[in-house]
Amino acid sequence: MSATWYECKVKYRKLDEASGTQKVKTAPFLVDAISYTEAESRITQEMAAYLPDSEEIKITNIKVANYAEIHPFENTDRWFKSRVSLIAYDEESGKERKTSLYLLVQANDVKEAFDNTVSTMKDTMGEYTIPAIAESPIEDVFPYFSGEEGDLERLEEFTRVKDSVPADNSENEELAMADSLTGEEE
């Protein structure tokens, strides 16, 4: 059974680290649920873990998200929406048909999002193109796990990968120069 993802917009108070004051923030979150009612219940539970007991949230909107798949990656901190066009040839008419689907991939920048999209599509048998990648406003993703033993391991792995923090994103100029020189020789 494929997952149904609901995008929940939540209004809540968050401590602004720069000024030290409480600010009201509205942010979208993604929840795997069976219905709108369950999505509302799950986002309320998930947000309770991030907020003090006295704080309340207001859910301003819930809608079905159009993501075919969600792919977290280690050492990344943002979500990107990748549009992938699957290419199929209609033998009867001799025309090419494209079917678009959207993937949500985790990355640090657009180039890494492209690379991560390619790596998720590597086992695809047919041809495809990636016509668009854009940073998503999604703050966090909460998949559904039933609590069974296999699910618990998957939940721990998903959470570990999702919460991993980039160690060092600075570029080593010496290695970059060597890479660029190697690319010119080929």
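Tutor: Start with a polar contact, meaning a pair of N or O atoms within 3.5 Å; within protein, one must be able to donate a hydrogen and the other to accept it, and residues adjacent in sequence count only if both are side-chain atoms. A polar atom of the S136 side chain lies 3.2 Å from the backbone nitrogen of I138. This is a predicted model, where local features need pLDDT of at least 70, side-chain atom pairs count only at pLDDT 80 or more, and totals for chains, interfaces and linings use all residues. Residues are numbered from 1 along each chain as its sequence is written, and side-chain values use heavy atoms, with hydrogens and water left out.

Where is S136? It lies in the loop between strand 7 (127-135) and strand 8 (141-142). Strands here are DSSP runs of E, at least two residues, and helices are runs of H or I, at least four, both numbered from the N terminus. S136 is buried, because its relative accessible area is 9% and buried means under 20% (1.4 Å probe, protein chains only).

Now its surroundings. Contact means heavy atoms within 4.5 Å. Leaving aside neighbours within four places in sequence, S136 is in contact with Y67, W79, F80, K81 and L104.

Compare R42, in helix 1 (residues 36-48). R42 is buried, with a relative accessible area of 9%. Its side chain reaches the backbone oxygen of D32 at 2.4 Å. Not counting residues up to four places away in sequence, R42 touches V31, D32, F142, P143 and Y144.

Note on methods. Buried < 20%, exposed > 50% of the residue type's maximum accessible area, 1.4 Å probe, protein only.
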